Amino acid sequence: MKLVIAIIQPHRLDAVRDALQGIGIQGLTVTEVRGYGRQKGHKEVYRGAEYTISFIPKLKLEVAVADERLEAVMDAIGKGAHTGKIGDGKIFVVDLAAAVRVRTGERDNDAL
Amino acid sequence: MINGADTAWLLMASALVLMMTLPALGFFYGGLVQAKNILSILFQTFAIAAIVSLLWFAFVYSEAFSGSGAWIGDLKAAFLMNIERGAAHPGTTIPESVFVMFQMTFAIITPALIIGAYVERIKFGAVLLFSSLWLVLVYAPVCHWVWGGGYFASLGVMDFAGGIVVHLTAGISAIVAAWMLGPRLGFPHSTQPPHAPWMVMVGAAFLWVGWFGFNAGSALKAGSDAGMAMLATHLAAATATCVWITIEWIKYGKPSLVGAVTGAVAGLATITPASGYVGPVGAVCLGLIGGAVCYGAVWVVKRGFKVDDALDVLGVHGVGGALGSLLVPFVALIGPGGVALARSPLAQFAVQGQAVIVVGLWSLAVTFVIIRVVKAAAGWRIGRESEIQGLDFSSHGETGYHTAG
């Protein structure tokens, strides 16, 4: 099993969700986060004073998937989140040691 | 003779002006600070409202409005011992109780305006002591000079609703307080942007509406003066809003909400002393000038003075109030609807200028002394750790936003 962690532009969430639903992924967790990459931050001006906003709002998505579905999931997230502009985000994948569905006690791939 | 219509309007106006502090100023300033300091702003406005009210009752109303001294009132109305249920305030058709209440709401908002200078780094006890001493030693004497039959009243100074008494005193004292307190940590390079620009707009909108009570109420009766004052007030605010939108659009390519609502408040501060004397065209002219000059003043104070008057009290209120006060004799003559001057515009300008200079210097010097006293008695600035943690928790043990659960 793998845990896919994606940082995306907030306004691409609907497209990513649609893409994941399109390949039959059932669960998705979203967190509002702030950060920066190559995009750096941006400037905002209030009453003539410039403020550098170095941490800008992003969404962090977490999806747990069976190994054989990993490529399809990365592909779906990548397509949904893509605009071609700097700041589109990143996708990370880590090994997942175990999973439990709390309601039934099912384990691992059955719990996904 | 008490008049029912006049009394009804002044009751309404008193409520509107109190609304300018509770909650309008709290929102206007609260949205501009960081999220960790929102409650401290709301609390400071609320506490100042309560303390000023009691001081007003105890002796400050008497100090401002009782007696005929040139420089200070007497104590005959202390604890409102002179009040009679059925008596009108001398020279008006409203009950003494309503006059006391209406003027009290002005006394409340004026020290509360100064909050904008010292936000995010002052001790709560210092706020209370400073505001109390400032009310007694700056606001009440100036109020007496201009509105209470004192020196400038006898010279015939024109300050309809408080360009000098409210906005100039607050603006000058604010810059002194900000200078003596030192800048916020990280100023000017890493200070944080407003945490809730929408809240700034809500506050400004309440201020705009409340200002109808402030200016049109200052006619002290219902009727044509109140009507023209409300119209002038509204037009000046609308004009100055458009000025700020235009300047920012040209300068930055994007007009900002915070800029637009700041423009409205600048226009309102500028029209305040003139509101009862000008017609609609004069009001629009004053809104144009006030909007542009206050925009420049905010810029100059921030970049030029290098003093952290955090929420631009001097640039918006002090400069707006002084500017409107100086221009009254000229804008009153523009277009129909203004009042006839008692003397030539230049002679009146000389009176206005004298009042602005004397009141400005008094505010500056006395605020300086008050702060020295407050520093010694109650402390002044919070510690570095408390400032980083935010005043909400470090001073009040509360948190403005609980985001989970």
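Predicted model: local features only at pLDDT ≥ 70, side-chain atom pairs only at ≥ 80, totals over all residues.

**The cores and the packing**

Mentor: In the largest nonpolar core, which has 147 residues, Val146(B), Leu207(B), Leu268(B) and Ala274(B) touch the most other members. A nonpolar core is a set of buried Ala, Val, Leu, Ile, Met, Phe, Trp, Tyr and Cys residues joined through C-beta atoms within 7 Å, and buried means that 20 or more other C-beta atoms lie within 10 Å of a residue's own, with C-beta atoms placed from the backbone.
Trainee: Which helix gives the most to this core?
Mentor: Helix α3 (residues 96–118) of chain B does, with 15 residues. Helices here are DSSP runs of H or I with at least four residues, strands are E runs of at least two, and both are numbered from the N terminus.
Trainee: What does Leu268(B) touch?
Mentor: Leaving out residues up to four places away in sequence, Leu268(B) touches Leu207(B), Trp208(B), Trp211(B), Thr233(B), Ala236(B) and Ala237(B). Contact means C-beta atoms, placed from the backbone, within 7 Å.
Trainee: And what does the second, separate core include?
Mentor: That core has 14 residues, including Val4(A), Val16(A), Ala76(A) and Ala81(A).
Trainee: New topic: at what angle do α8 and α9 of chain B pack?
Mentor: Helix α8 (residues 224–252) and helix α9 (residues 257–271) of chain B pack at about 140°, with their axes 7 Å apart. That makes α8(B) oblique to α9(B). Axes are lines fitted to C-alpha atoms, for helices over the stretch in contact, and angles run from 0 to 180 degrees between N-to-C directions. Under 35 degrees counts as roughly parallel, over 145 as roughly antiparallel, 65 to 115 as roughly perpendicular and the rest as oblique.
Trainee: Back to α3(B): how does it cross α6(B)?
Mentor: The axes of α3(B) and helix α6 (residues 163–181) of chain B cross at roughly 35° and come within 8 Å.
Trainee: Last one: how many residues of chain A are in contact with chain B?
Mentor: 8 residues of chain A are in contact with 12 residues of chain B. On the chain A side, β3 (42–46) and β4 (49–53) each supply at least two residues.

Methods
Residues numbered from 1 in each chain as written. Chains lettered and ligands numbered in written order. Buried ≥ 20, exposed ≤ 12 C-beta atoms within 10 Å, placed from the backbone. Contact = placed C-beta atoms within 7 Å.
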